Structures are given as C-alpha cells and as structure tokens.
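Good morning, and thanks for making time. I will go through one structure, chain by chain, and keep to its geometry.

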Amino acid sequence: MQVYEIFKQEREGEAMKHAGNLRAPDDALALHYAKEFYSRRGESIRLWVVPRATIAEITDPDLLKPPLDRSYRVPAGYKINEKLDEARRRVRAAAEARAGARREAAGTVTGDR
Amino acid sequence: MATEVLHQTDQGEAERRAAFFAHIAAGGKVEATDWMPDDYRRQVLKFVEMHANSELMGVLPEREWILRAPTLKRKLALTAKVQDEVGHAQLLYRVAEDLGKSREEMWRDLLAGKTKFHNVFHYPTETWGDVGIIAWLIDAAAIVAQQALRGSSYGPYARTMQKICWEESVHIMHGRDIVLTLVNGTPKQRAMVQDALDRWWAPIMQMHGFRTPPEKDKDLAWRIKAKSNEELRQEFLAIYVPRILEIGLTIPDPELRYDEEAKRWRYTEPDWDELTRVVTGHGPKSAERLQFRQIHYADTAWVRDVILGEGPGALAAD
C-alpha cells in the first residue's frame, strides 16, 4: 500500500489544487479511489494522482523566507506617494508662475498704452 | 463537460478539429496534455517562444546598469528585476517545450536570428534615466498585454501570466520610483529623464505591434491572446499618458490627444518600417546583443553538459 496525493481542477483553465490524499495498493486502484473521493458530485474536470513518495518538499524558512530586508521585491517596498505629491506640486507651481508671468506681461503692455 | 471534445477519439479529423475550434471560440481552455490541432499548437508555440525570447533578451539593456546603479538599494532592485525576467523566460520556455520544441532548439534559433524578440530590446540604454523609463513604461506596456493574456485559451500560458503580472507590478513601482526621484531632483536629472522618454516613446508606441484588423489576426481568432494590438495600445495610453504628464514630463508627439467623439487616443502614425526592420534583427543593438548571448551560450556549455549528463564530466562519473 502507498499514499497518493490528489490534485483536482474544478473549472477549465484553473490551476490544479491539492484536494487531499488516499491509500491504495497500486496506481489503477488509486485512480479509481481518486474518482470516488474527489469527483463523486462532478466537482472536478481533471484529477492528478501522484505517489507521495515522488513529491520533493522544501519547508526550510531560511530558504523560503530569508531574514533579510528584501522589500525592494514587493510593490509595498516603494513609497511613491510623497514623491508623486512633490512632483505634482512642482508642476502646479510652474503652471501658476507661467500664468502669472503672462498676466504681468499683459499688464505691462496695457500700462504702456 | 466542454473539455470532453478534447478527449473524444471516435470521430474523424475534420469533425474533431471543428469541435476543438468551437470549444476555443466559446471561451474553452486547452491543457498541455489535451489533444490539439497541429496548427493551433504551432501558433501557440510561436507566440510563447517569442515572449520567452523577449524576456531573456530584455534583461541585456538593463543588465548594463547594475554596476552603475546610483545606490545599493537601486542595485539590489535592478538585480532582482533582471533575475525575475530571466525567471520569466524559464517559465515561458517550459510552457513552450510542452508544445513540442526543445529548449536547445529554441535557443539555437534565437542565437541564429531565426526567431524574434520584442522591438524595445534592440535599442541602447544611454543613461540611468533609461533604466527608469524602461522599468516604468515598457514594463507597463508589457503588463497591459500580459494581463490580457491571462484570458488566453492555452491554460498553462494563461496561468503563467498570473505570476508574471504580479512580479511585473513590482518592476513598474521600481521604475516609477526612479523616474519620480529624477523629476524631483536637479534640472540636469529632469532633463536626463525627459531625454530618455524622448528616445523611448517611438519604440513604445510600436511595441504592441501593427494595427492588424482583429478579423485577420489568427492569434486573436484562436484566443491565444485576448485583445487586439490596438486595444492594448489604447489601454496603455489611457492609463499612462495622464501619469506621465502629471509629473511634468512632455510626450514627444504633437498629435497625441484623446478624441472625445471617437473615444480613442489619436497619435502620430508610428514608423512601422522601423518596427519591421528592428524585429528582424536590424535594430541599433540587435547584432551586439545576439553576439553577447552567443558568447555567453558557448561559455556556459560545460554547465549544461554536466547537468544534462552529456558532457565529459558525466562520462567521468560513469
């Protein structure tokens, strides 16, 4: 007897999801049990039946979640709001300065007349 | 269940084909182990292979700036981006391999200039401003296309896009942060990033490809991709033109404007001859970048020999 891990696809295009496992003496019976356990109500359109012994696993947190700052690898690692506000303020100030200069130039012309 | 059509073997070839394309047209998905007509398989392969090539070649312009990054954090972020993109190439070559072409063959065809990669990776990177513009706007143009590809009829490709899009969203933040830092900097830094935008705008406008009429686009008819080239370009412009302008940059196209009546962006006709020339290997950096890959491929042959168990190292172990 050996343990088989079962993965199921519930809808077209979806990733295979782990469904559970079962014990069977051989592959043929494992397929039969998988069908009975994981698609009795038509909830799967595809099943993968994989001997547990063939699954390689990594759980070492030093590999998976190293204790170093890697915030530059996630969107939240970038705080752009202040920089964005600063850029917008500068653009607004420049637009206002241009409008002011135009008004002043128009005033000077009127004053000359 | 709709996927049954992919497993019925008791019908004629023509019937089976018709059932397959009806399945696709109705929004159905295809998996690597499903039956599929050869022309569909070839078309998906060609599309994914070009995408994989682009990820792989796309790191070369940015890689040149790792040693010149202005701070340690920028260097880490840029190195991580380059690693991500090479990782995307690995994922996509894997998807393509399942469609019947070996990775070695795909590499050989790329190195021989027989297969293509995206136009934007044939151009030089002149300044640090280019690094910001590439990570922000080229990755943004790419993500618009890749988000649409999550609706691809080829399931393994569509799912790969979910992971890729998530990582690309980090690259866009990294790029936007570089650009914002530069525009908030000295006048010289502002001029540098404006100069980068001026040089990259034309290639960016060409990037989504010709305005092929949707009805003539086989990739679209077979839902290998979910949106037409022009739809993608319009989507990119709608999101990014306001974001570029609000920070004081100027877009080098006097014709660019939103046409309220037609509900679409108008722009100067991109130079399609340039696009054709560049993607067929006649861009300013095409030869140099391919040569870099060729040298690198030869240099690393021993690694493949050892891992694949075909080289002298493997014989010695026997």
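What you see is a predicted model, in which local features need pLDDT of at least 70 and side-chain atom pairs count only at pLDDT 80 or more, while totals for chains, interfaces and linings use all residues. Residues are numbered from 1 along each chain as its sequence is written, chains are lettered from A and ligands numbered from 1 in the order in which they are written, and side-chain values use heavy atoms, with hydrogens and water left out.

Two more terms before the helices. Helices (H or I, at least four residues) and strands (E, at least two) are DSSP runs, numbered from the N terminus. Axes are lines fitted to C-alpha atoms, for helices over the stretch in contact, and angles run from 0 to 180 degrees between N-to-C directions.

Let me start with chain B, and with the pair α2 and α3. Helix α2(B) covers residues 38–63, and its axis lies 8 Å from that of α3(B), at an angle of about 160°. That makes α2(B) roughly antiparallel to α3(B). The cut-offs are these: under 35 degrees counts as roughly parallel, over 145 as roughly antiparallel, 65 to 115 as roughly perpendicular, and the rest as oblique.

Which residues of α2(B) meet α3(B)? On the α2(B) side they include B:L45, B:V48, B:A52, B:L56 and B:V59, and on the α3(B) side B:L78, B:V82, B:V86, B:A89 and B:L92 are among them. By class, the residues of this contact of α2(B) with α3(B) are 13 nonpolar, three polar and five charged. Here Ala, Val, Leu, Ile, Met, Phe, Trp, Tyr, Cys and Pro count as nonpolar, Asp, Glu, Lys and Arg as charged, and the others, Gly among them, as polar. As for handedness, α2(B) passes α3(B) in a left-handed crossing. A crossing is left-handed if the near helix is turned anticlockwise from the far one by less than a right angle, and right-handed if clockwise.

Helix α3(B), residues 72–97, also packs with α5(B), residues 128–149; the angle is about 45° and the axes are 13 Å apart. That makes α3(B) oblique to α5(B). The crossing of α3(B) past α5(B) is left-handed. From α3(B) come B:R74, B:L78, B:K81 and B:E85, and they meet B:W128, B:V131, B:A135 and B:D139 of α5(B). The contact of α3(B) with α5(B) has four nonpolar, no polar and four charged residues.

A further pair in chain B is α4(B), residues 103–111, with α11(B), residues 286–299, at about 140° and with axes 9 Å apart. That makes α4(B) oblique to α11(B). B:E104, B:W107, B:L110 and B:L111 of α4(B) make the contact with B:L290, B:R293, B:Q294 and B:Y297 of α11(B).

Two loop residues in chain B deserve a mention. B:R223 is not a glycine, yet has a positive phi of about 55°; B:R223 sits in the loop between α8 (218–221) and α9 (229–245) of chain B. B:K263, also not a glycine, has a positive phi of about 55°, and lies in the loop between β1 (257–259) and β2 (264–266) of chain B.

Now to chain A, and its sheet. The sheet is open, with three strands in the order β2-β1-β3 (chain A) and antiparallel pairing. β2 and β3 of chain A stand at the edges, each with a single partner strand, so one side of each is left without a neighbour in the sheet. Two strands pair if DSSP finds at least two bridges between them.

How many bridges join β1(A) to β2(A)? There are seven, between residues 2–9 and residues 17–24, in the antiparallel sense. In that pairing A:K8 has A:K17 as bridge partner, and A:V3 stands opposite A:R23. Helix α1(A), residues 27–38, lies across β1, β2 and β3 of chain A, at about 130° to β2(A).

Last, the domains, whose bounds come from an automatic or database domain assignment. Chain A has domain 1 (2–54) and domain 2 (69–112), with C-alpha centres 59 Å apart. Chain B has domain 1 (1–27) and domain 2 (37–284), with C-alpha centres 34 Å apart. In chain B, five residues of domain 1 are in contact with six residues of domain 2.

Methods: Contact = heavy atoms within 4.5 Å.
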